[in-house]
Amino acid sequence: MYRETPKPTRLQDYQPPEFLIDQTELRFELDAEATWVSAELEMRRNPAAKRGDGSLRLDGEQLTLEAIALNGRELVPVEYQLQDQGLVVQRVPDRFQLRTRVRIHPTANTALEGLYVSGDMLCTQCEAEGFRRLTYYLDRPDVMARFRVTLIADAVRYPVLLSNGNRLVTEVLPDGRHLARWEDPFPKPSYLFALVAGDLACVEDRFRTASGREIALHLYVEPQNHDQCAHAMRSLQQAMRWDEVHYGREYDLDLFMIVAVSHFNMGAMENKGLNIFNAKYVLASPETATDQDFAGIESVVAHEYFHNWTGNRITCRDWFQLSLKEGLTVFRDQEFSADQNQRAVQRIADVRALRARQFPEDAGPMAHPVRPDSYIEINNFYTSTVYEKGAELVRMQAQLLGPERFRAATDLYFERHDGQAVTTEDFVRCMEDASGLDLTQFRRWYQQAGTPVLDCRGHWEPERGVYRLEVRQHTAPTPDQPDKQPLHIPLALGLIGANGQALPVQLAGEHSPPAAGTRLLELREAQHGFEFIGLSERPVPSLLRGFSAPVKLRFPYSDEELRQLMAADSDGVARWNAAQQLAERVLLARVAAPETPVPPAFLEAFATALRDPQADPALLAEVLALPSESYLGDQMEVVDVEGIHQARETLMVSIAGALRTELLARYQALQASEAARQDPDLSPAAMGRRALKNLCLGYLMRTPDLDMLTLCQQQFEQAHTMTDRIAALCQLARLRDEAAAASRAEQALAAFYQQWSREPLVLDKWFAIQAQVSTPGTLRRVEQLLAHEAFTLANPNRVRSLIGAFASGNPLCFHAADGGGYRLLAAQIKRLDALNPQLAARLLHPLTQWRRYDAGRQALMRAELHALRERAGVSRDLFEVLSKTLEA
Ligand code: TRP
Ligand code: ZN
C-alpha cells in the first residue's frame with residue numbers, strides 16, 4: 001500500500017545498472033510461518049554504466065533484515081539505510097561480496113507474489129518484481145547472474161525441494177529437516193528464479209532431443225492428481241519437438257520440471273527449468289476437463305516451454321520490452337496450436353479473443369502501445385495489448401518476410417542475442433538484417449496505440465475488366481497520443497467470382513502471369529488505390545484473409561456478397577468473418593428496431609451451411625455461432641445492454657424455429673457417433689464434432705419443445721466427457737427462472753455439485769455457469785454464492801469463476817440499470833484489494849469501459865470508481881487503473 005501519489009516509471013529514464021551480479025548464492029530455511037533467506041552476492045561495478053554517487057541501492061519489500069556484511073565485515077547501522085522499498089549501502093568498492101540475512105512470512109502473503117503458501121506447499125512467483133520480496137537484490141531483468149540455491153525444510157512436510165537448473169546434492173539433517181542444493185548454469189534475471197517445497201507426486205517421462213540428448217521430464221502435482229497429467233506431458237513433448245523443427249531450438253538442461261499450483265494469479269510462469277503452473281493448465285481427464293481446457297493446457301504448456309528460448313536465453317532489457325518475450329512467445333504458441341489442430345479454427349479463436357479483449361482495451365482509457373512509455377505498476381501491463389497485439393506484430397513481420405526469410409531472421413536473433421537482455425528494437429533489427437527489408441515505418445506499430453481502421457471501397461469497370469480498390473487507413477487518438485501516423489500494414493486479399501471461384505489477382509503494370517489465390521498488399525500511406533486487371537467478371541474482394549493485420553476493416557459489401565464469401569471463400573477465417581458480419585447486420589438492425597424481420601436469405605445461408613456434408617464441423621461451429629453480446633456492444637455508439645440481449649436471444653429463437661429439422665438431424669447424428677464409442681475421443685476432429693453438436697443443442701434449446709429439454713437432460717446425465725456435460729448444464733441453468741424447466745435446472749446443478757464438490761477445477765465451472773445465467777435472479781444468486789462455503793477470495797481461480805464470470809461474462813446482469821452489478825463488483829474489489837492487489841486491478845476491467853454506456857449507467861459506474869479511489873490504503877495496482885479510467 002502506498003502513501004503518496006505513486007510516481008510512474010518511464011522508458012526514457014532507462015539507465016543501465018550501476019552494478020552487476022556475477023554469482024548469487026541463496027539459502028532458504030523454509031517454513032510457512034517464518035522463512036530465513038541468506039544471500040551472498042558477488043558484485044561489481046558495471047563498466048558500461050555512468051558512475052553514480054558511490055552508493056549501492058538494492059530492491060527489497062516486506063523483508064526483515066537480520067544481518068548484513070560487506071566483504072565479510074558486518075555493517076553497522078550508519079553504513080546503510082533501510083527504506084520502504086529497498087536498502088542503500090553508503091559506500092561500496094568496485095568489486096565486493098554482499099551478504100544479507102532476512103526473515104519473511106509466507107503465510108501472511110496473500111498477494112501470491114514472492115514466497116507464499118498454496119495448500120500444503122510453498123512456492124514462489126517472482127515475475128515481474130516479486131524477487132524483491134525474497135531478498136535484497138538488483139531486481140531488474142538486465143542484471144543476470146548464476147544462481148546456486150540451498151533449500152532446507154522439514155523432511156516430512158516438504159519432502160520435495162525444487163529450484164532452477166540441476167540438483168547437486170540432497171542431505172538429511174539431524175534435526176528432522178533435509179536439504180537440497182540446486183545450481184543453474186545459465187545466468188538469469190531474478191524474475192526467472194523459483195523454488196517449490198511440498199509433498200508432491202512426480203510423474204516422469206523423457207524426451208530425446210534432435211541431437212540425441214535425453215531430457216528427464218518431471219511433472220509435480222498434489223498426489224491425488226497424479227492421474228491427470230498425461231495430456232500436459234504429451235503437450236510438452238510435442239512442443240519440444242515442434243521448437244526443434246520450426247525454430248531449430250533444443251532444450252538446454254538435462255531436466256525440465258513443471259509444478260501445478262492451486263493458487264496462482266496468472267496462467268503459468270516460465271522459471272528456468274522449473275515452470276510453475278496454475279493447476280488449471282496442467283490437470284485434465286476427459287471426465288473433469290472440457291475440450292477447451294485441453295486446448296488451453298496444450299497452448300500454455302507450449303507457451304511456457306517456448307519461453308526457454310524467447311524470454312529466458314534471450315530476455316528483456318527492461319519491462320517496457322515485455323512484448324519482446326510475450327508477443328513473440330504468444331505468436332509461437334498460436335502457431336504450434338495451429339499445427340496441432342486446425343489452422344483456420346485456431347486463427348478464428350485467436351482473432352475472436354483479440355477483438356473481445358484487445359480492441360476494447362485499445363479504444364479505452366488503458367490504451368497503451370505494445371511497447372509502453374510509462375507505467376506505475378508493471379503488473380498492470382501484462383495486457384492483451386502486450387501479449388495478443390504483440391503476437392500480431394510478430395505475425396505481420398513473419399508475413400512481410402515470408403517463411404524462409406523469417407526463419408533466417410529468428411536464427412539470427414537467437415545467434416546474435418543469446419545470453420543477452422534486449423529490446424523490441426533489437427528484434428526488429430534482426431528481421432531487417434536477415435531479410436534486407438526496411439521496417440522503419442513498421443516500428444510505429446510498437447509505439448502507437450489504438451486500432452487502425454481500414455476504410456475500403458471498390459469500383460468495377462466492366463469495359464476494361466478492371467477492379468479498383470481504394471484503401472484509407474486511420475487511427476483514432478488515444479490518451480496521451482492525439483496524433484497518429486500511417487502504419488505499414490500487410491493486407492492479404494483474394495478476388496472471387498460469382499460461383500465462388502478464385503479470380504486472378506494481377507496489379508496494373510505487372511507482367512507476370514496472373515496468380516489466382518491470396519496476395520499480400522503492403523499499405524504505407526494514409527490512402528492507396530490498387531487496380532486489378534484482366535478480370536472477366538465483377539469480383540467480390542476477400543479482404544484481410546487470415547486476419548493479416550490487427551485492424552478494423554470496413555467495406556460496403558452487399559448482403560449477397562457476404563453470403564457469397566461465407567459460402568465459397570477459400571480462406572476459412574474470411575468465411576467466418578463474412579458470417580459474423582451478416583449476423584451482426586441482422587442483430588444491429590433488430591437492436592435499432594426490434595420488429596425488423598429476419599431476412600429469409602440469412603436463414604437460408606445458415607441452413608445451406610448446416611446441410612453441407614463436406615463442411616468441417618469445427619469450422620461450421622464457428623461460422624454458425626452468433627457474435628457475442630459484448631462484441632455487438634463494441635460496434636455501437638452507446639451500448640444498448642437490453643436491446644442487444646433481446647436481439648440476440650430472439651434471433652437464436654428464429655434460427656432455431658426455422659432450422660429445427662436440420663439442427664436436430666445434425667445433433668442426433670453427431671450424438672450417435674459419440675455415444676457409439678466406448679472411450680472418449682480427444683482428437684481435434686472429435687472436438688470439432690462436439691463443438692458443432694453443442695452449438696446445435698444451444699439453438700434447439702431455444703425452441704419451446706419440451707422434448708429438447710429431455711434431450712438436453714439426457715446429454716447431461718449420460719455424457720462421457722465434461723465438454724458434453726457442461727454444455728448441457730449451461731443450457732439447463734439458463735432456464736432456472738422458467739416455470740417449465742426450473743426444477744430440472746435446479747436438479748442438474750445440485751447433482752453436478754454433489755458429484756464434483758471435491759474437484760476444485762470442476763467446482764470453478766459450477767460457479768461460473770451460474771454467474772453467467774442472464775436472468776434477473778442471477779444477481780441475488782451470485783450474492784448467495786459469495787457466501788457459499790466453497791467460495792473464497794484467497795483463490796484467484798475461484799474469484800475469477802464467480803466474480804470475473806459475472807462481471808465479464810454476463811453483460812445483461814452486470815450492467816443492470818439499477819447499478820446492482822456494479823455495487824457487487826466494487827464491494828468485492830474493495831475486499832480483494834487488501835489481499836491481492838494484482839487480481840483486484842484485473843477484476844476492475846469491466847468498469848474501465850464506463851464511457852461506452854448511457855448517462856445513467858455512466859453515473860453509477862463512476863460513483864463506484866470514485867468511491868474505490870478515495871479509499872485509504874488503495875493499492876498502487878488499483879490506483880493506477882482507477883486514475884487512468886477516471887481521468888482519460
Ligand atoms: N510470464 C508469464 C507468462 O506469460 C506471465 C506471468 C505469470 C505473470 N505469473 C505472473 C506476470 C505474475 C505477472 C505476474 O507466461
Ligand atoms: Zn509468457
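This is a friendly dialogue on how to read some features of a predicted model.

Reader: What should I know before I start?

Author: Welcome! Residues are numbered from 1 along each chain as its sequence is written, while chains are lettered from A and ligands numbered from 1 in the order in which they are written. The model is predicted, so local features need pLDDT of at least 70, side-chain atom pairs count only at pLDDT 80 or more, and totals for chains, interfaces and linings use all residues; side-chain values use heavy atoms, with hydrogens and water left out.

Reader: Are His303 and His307 buried or exposed?

Author: Buried means under 20% relative accessible area, exposed over 50%, and partly exposed in between, using a 1.4 Å probe and protein chains only. Both His303 and His307 are buried.

Reader: Now the other ligand. How many residues surround ligand 1?

Author: A residue counts as near a molecule or strand if one of its heavy atoms lies within 4 Å of it. Ligand 1 is surrounded by 15 residues, and the closest are Glu127, Ala268, Glu270, Glu304 and Tyr387.

Reader: Which polar contacts does ligand 1 have with Ala268, Glu270 and Glu326?

Author: A polar contact is a pair of N or O atoms within 3.5 Å; within protein, one must be able to donate a hydrogen and the other to accept it, and residues adjacent in sequence count only if both atoms are side-chain atoms. A nitrogen atom of ligand 1 sits 2.7 Å from a side-chain N or O atom of Glu270. An oxygen atom of ligand 1 is 3.5 Å from a polar backbone atom of Ala268, and an oxygen atom of the ligand is 3.1 Å from a side-chain N or O atom of Glu326.

Reader: How much of ligand 1 does the protein cover?

Author: Accessible areas come from the Shrake-Rupley method with a 1.4 Å probe; for residues, only the protein chains shown count as cover. On its own, ligand 1 has 370 Å² of accessible area, and the protein covers 97% of that.

Reader: Which elements give two or more residues to the shell around ligand 1?

Author: Helices (H or I, at least four residues) and strands (E, at least two) are DSSP runs, numbered from the N terminus. For this shell, they are strand 20 (268-269), helix 2 (291-306) and helix 3 (322-340).

Reader: What about the backbone between Glu127 and Ala128?

Author: That peptide bond is cis, with omega near 0 degrees. Ala128 belongs to the loop between strand 11 (121-125) and strand 12 (145-154).

Reader: Where do Gln62 and Leu544 lie?

Author: Gln62 is in the loop between strand 4 (56-59) and strand 5 (64-70), and Leu544 is in the loop between strand 32 (540-543) and strand 33 (552-554). Neither is a glycine, yet phi is positive: near 55 degrees for Gln62 and about 60 degrees for Leu544. Gln62 is exposed at 63% relative accessible area, whereas Leu544 is buried at 7%.

Reader: What does Lys389 touch?

Author: Contact means heavy atoms within 4.5 Å. Leaving out residues up to four places away in sequence, Lys389 touches several residues, including Asp362, Trp445 and Gln448. Lys389 lies in helix 5 (residues 384-401) and is buried, with a relative accessible area of 2%.

Reader: And where is Gln448 found?

Author: Gln448 is in the loop between helix 8 (444-447) and strand 25 (453-461), and at 6% relative accessibility counts as buried. The side chain of Gln448 reaches the backbone nitrogen of Gln485 at 2.9 Å.
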